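Colleague: I have not looked at this one before. Could you take me through it, beginning with the ligand?

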Amino acid sequence: MKQALEIKELNQRFGIPEIVKIVAGHGGLTRVEVTSRSAQGEMYLHGAHVTSWKPSNAEEVLFVSSQSHWNDSRPIRGGVPVCFPWFSSKSDDVNAPMHGFARTTAWQLESIVQTGDAVTVSMFIESNEATKKWWPADFRAVHRATFGPELILELEVVNTGKTSFQFEEALHSYFQVGNIETVLVKGLNGVDYIDKIDEKRTKTQNGEIAIVSETDRVYLNTAAAVDVQDPALHRQITIAKENSVSTVVWNPWIQKAKAMPDFGDTEWPQMICIETCNIGDSFVELTPGQRHQMKAIVRVSKL
Ligand code: TA6
């Protein structure tokens, strides 16, 4: 009953008739649903997690595992997990959640604005006792998702405290592909990367990337847009970015897929992660009052 009242109030405050409604989604988690002339989209308050973007002239672009958990203590497997304020494991605390606490935190709706054919959903979190259990900083983070002919994701972090802090961030985007074994990833030729599957050795990308085994690479010092060419679905997904200098390319392949309980054993051929980040040595530092906005801009075109 409590959730029904909350959803009713959220629809009164933020709903847009025929365009935006707030519902109880998978696992009863609160979901914003967008249906406009240019695109359909979904975003959960849990983790400010975008789980769907389907432009009117294309099929679903994001991958979500059929085995995903749907509860407020686990991250959703797929879509766009927001990794903040650290990436992967926390260097000084083995008990800290992987990829930070943002993706398993309840965010709040800030605004929902229709601009022409596009709809921008903004959600925010602010530092509190729960976040300070893991990280002492005073901050406000906003995740703005614009569902239109492009999917535009912006993660803004503001230092609301009196001391500087450093953080890592990633929009850990899972993209739907027809067959990973025929996909080619272009745009990173000549870029150095850390190969997490080969003892974190640093290598240089030679040409385009074909995925032929478990792939987990952190491309360094690159602002380049990436093209995911997917002949099986006859489309190309382009991921451009702003204020991001790291790009992660990940596919778990067979063994890692089997090892993940919230990922189907046979789902690895249907997805690839192209992650828009500032991680490792490319962390972000904010002085008091300073803010940083990282943006991913996703487009789909016919191949
Ligand atoms: O971004 C790639 C990666 O760091 C992989 O190493 C793998 O762990 C993936 O993220 C998924 O992490 P998660 O904590 O969501 O299972």
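**The ligand and the fold**

Modeller: The shell around the ligand consists of four nonpolar, two polar and six charged residues. In this classing, Asp, Glu, Lys and Arg are charged, Ala, Val, Leu, Ile, Met, Phe, Trp, Tyr, Cys and Pro are nonpolar, and the others, Gly among them, are polar. Please note that this is a predicted model, in which local features need pLDDT of at least 70 and side-chain atom pairs pLDDT 80 or more, while totals for chains, interfaces and linings use all residues. Residues are numbered from 1 along each chain as its sequence is written, and side-chain values use heavy atoms, without hydrogens and water.

Colleague: Which residues are around the ligand?

Modeller: Among them are Phe87, Met98, His99, Trp250 and Glu275, where a residue counts if one of its heavy atoms lies within 4 Å of the ligand.

Colleague: And which side chain has a polar atom 2.6 Å from a ligand oxygen?

Modeller: That is Asp216. Ligand oxygen atoms also lie 2.9 Å from an N or O atom in the side chain of Arg77 and 3.3 Å from one in the side chain of Lys196. The ligand exposes 390 Å² when taken alone, and the protein buries 88% of that.

Colleague: His99 was in your list. Where does it sit, and what is its phi?

Modeller: His99 is in the loop between β5 and β6, and its phi is near 65 degrees, a positive value. Most residues other than glycine have a negative phi. His99 counts as buried, at 9% relative accessibility; buried means under 20%, exposed over 50%, and partly exposed in between, with a 1.4 Å probe and protein chains only.

Colleague: What else is in that loop?

Modeller: Pro85 lies there, between β5 (82-83) and β6 (108-115). A cis peptide bond, with omega about 0 degrees, joins Phe84 to Pro85.

Colleague: Changing topic: how many disulfides are there?

Modeller: The count is zero, with a disulfide taken as two cysteine sulfur atoms within 2.5 Å. For Cys273, the nearest cysteine sulfur is that of Cys83, 9.3 Å away.

Colleague: Finally, how many helices and strands does the protein have?

Modeller: It has three helices and 23 strands, read as DSSP runs of at least four residues (H or I) and at least two (E) respectively. Of its 303 residues, 54% count as buried.

Technical notes. A polar contact is a pair of N or O atoms within 3.5 Å; within protein, one must be able to donate a hydrogen and the other to accept it, and residues adjacent in sequence count only if both atoms are side-chain atoms. Accessible areas come from the Shrake-Rupley method with a 1.4 Å probe; for residues, only the protein chains shown count as cover.
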